[in-house]
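Hi,

Here is the structure I promised to pass on. Have a look at it first, and then read my notes below.

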Amino acid sequence: MAKKILVTGGTGYIGSHTTVELQQAGYEVVIIDNLSNSNASVLDGIEGITGRRPVFVEADVTDRAALRKLFEDNPGIEGIIHFAASKAVGESVEKPILYYRNNLNSLMNLLELMPEFGVKGIVFSSSCTVYGEPDTNPIDETAPIKPATSPYGNTKQICEEIIRDYIHAVKGVKSILLRYFNPVGAHPSALIGELPNGVPNNLVPYITQTAAGIRKELTVFGDDYDTPDGSCIRDFIDVVDLAKAHVVAMQRMLCKDTDAVEVFNLGTGRGVSVLELIDTFEKVNGVKVPHRIGPRREGDIEKIWAEPRKANEVLGWKAVVPVAETLANTWRWQQHLDGK
């Protein structure tokens, strides 16, 4: 019998790609999402790729009563992958209370209900922002947790601490914390991809929308950083590679005798600057991305990229999709959206 997994925020960007990979690996998926930054049409794309439509519950994970009803209506959930959270660095600086309320309450509701409904473990969507502004690169899991540069980053740090404290107190529940670097791209089928509501907060959808003429131009936040071209450097990881890591993590958590809490960095191990990414997108897709240099953005880290050796060796997972292929898939997704 297929194991049943709850994916919170499952119609969102990373959640939808992870749902695809879970279903293709034989899992049964239940999604909860309030559609605040996604669209229910994503379910059509998931079904188009996998041939199966996941169970979908439209509700907010901060609504404890709605979450309890989901568990009652869908018995036998063995694991949770928790994506549902507010996630824009800039917005978090402007609306810190929104971020603390959403990101902390959603996690605590899940943790409290897990033992009651026999859920064995939770894979938590964390972030490289927990490392703050790093002293050196690449970053491995032993790097110090430094003061967060944004309320968003601080919520990830606090959520990790909540998970550790909770699992120390409640025996029989496990967690894997996956610290992502910068997820980008779209499914090669062009049936699902990043679909932000309104103006994108993330770089790559803003690039594609600018190339498509939806946005007038892209603002690069700063060209005076201590990097080769002056723009920020990030570790851009293909979203399908990232989704596959969640499947491997879930299999490990449910089926192997592991520590109660494990941490893995998920990245490519290579830093790419913002200007380099724009240049690669233009070359790969044969389109121009009008852009200008603006002032630095509060909360941005100068440069950070992963040391993914632990995930490679312990999880048996590796990021394999080249950035050029990722950017080609992204443009195909944008063209698919424009053709609707």
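Start with Leu-22: leaving out residues up to four places away in sequence, Leu-22 touches Ile-5, Val-7, Tyr-27, Val-29, Ile-81 and Val-247. Keep in mind that this is a predicted model, so everything here is computed from predicted atoms.

The largest nonpolar core has 36 residues, and the members that touch the most others are Ile-5, Leu-22, Leu-178, Met-250, Leu-266 and Trp-317. Which elements supply at least two residues of this core? On the strand side they are β1 (4-8), β2 (28-33), β6 (174-180) and β11 (261-266), and on the helix side α1 (13-24), α2 (42-50), α8 (239-255) and α10 (309-315). The largest share comes from α8, with nine residues. Apart from this core lies another one, of 29 residues, with Ile-77, Leu-110, Leu-111 and Tyr-166 among them.

Gln-23 is in helix α1. Is Gln-23 buried or exposed? Its relative accessibility is 5%, so Gln-23 counts as buried, the cut-off being under 20%. Setting aside neighbours within four places in sequence, Gln-23 is in contact with Val-29, Ile-46, Thr-50, Arg-52, Arg-53 and Pro-54.

Leu-315 belongs to helix α10. With 9% relative accessibility, Leu-315 counts as buried too. What does Leu-315 touch, not counting residues up to four places away in sequence? The list is Val-248, Ala-249, Arg-252, Phe-264 and Lys-310.

Arg-179 sits in strand β6. Its relative accessibility is 3%, so this arginine counts as buried. Between the C-alpha atoms of Arg-179 and Tyr-100 there are 19 Å, and the two residues are 79 apart along the chain.

Next, have a look at helix α7, residues 203-211. Seven of its nine residues are buried, so α7 is largely enclosed by the rest of the structure. Which ones are buried? They are Val-204, Pro-205, Ile-207, Thr-208, Gln-209, Thr-210 and Ala-211. These buried residues pack against two strands, β7 (182-184) and β8 (218-221), and against two helices, α9 (274-285) and α11 (323-338). After α7 comes Gly-213, which has a positive phi near 85°.

That brings me to the backbone. Most residues other than glycine have a negative phi, and most peptide bonds are trans.

- Leu-35 is not a glycine, yet its phi is positive, about 60°. You will find Leu-35 in the loop between β2 and α2.
- Ala-190 has a positive phi as well, near 65°. Ala-190 is placed in the loop between β7 and α7, and at 9% relative accessibility it counts as buried.
- The peptide bond from Asn-137 to Pro-138 is cis, with omega near 0°. Pro-138 is in the loop between β5 (121-127) and α6 (151-169).

Now zoom out to the whole chain. How many helices and strands does the chain have? There are eleven helices and 13 strands. The C-alpha trace spans about 55 × 45 × 40 Å along its principal axes. For 340 residues, a compact globule would have a radius of gyration near 20 Å, and the 19 Å of this chain agrees with that. Of those 340 residues, 55% count as buried.

Contacts across the sequence are worth a thought too. If you take contacts between residues at least 6 apart in sequence, 80% of them join residues at least 24 apart.

Finally, the surface and the charges. The chain exposes about 14,100 Å², and carbon and sulfur atoms supply 50% of that area. There are 35 positive and 44 negative side chains, and the centres of the two sets lie 2 Å apart.

Cheers

How values were computed
Residues are numbered from 1 along each chain as its sequence is written. This is a predicted model: local features need pLDDT of at least 70, side-chain atom pairs count only at pLDDT 80 or more; totals for chains, interfaces and linings use all residues. Side-chain values use heavy atoms; hydrogens and water are left out. Helices (H or I, at least four residues) and strands (E, at least two) are DSSP runs, numbered from the N terminus. The radius of gyration is taken over C-alpha atoms; the globule rule is 2.2 Å times the number of residues to the power 0.38. Buried means under 20% relative accessible area, exposed over 50%, partly exposed in between (1.4 Å probe, protein chains only). Contact means heavy atoms within 4.5 Å. Accessible areas come from the Shrake-Rupley method with a 1.4 Å probe; for residues, only the protein chains shown count as cover. Lys and Arg count as positive and Asp and Glu as negative; His and the chain ends are not counted. The place of a charge is taken as NZ of Lys, CZ of Arg, CG of Asp or CD of Glu. A nonpolar core is a set of buried Ala, Val, Leu, Ile, Met, Phe, Trp, Tyr and Cys residues joined through side-chain atoms within 4.5 Å.
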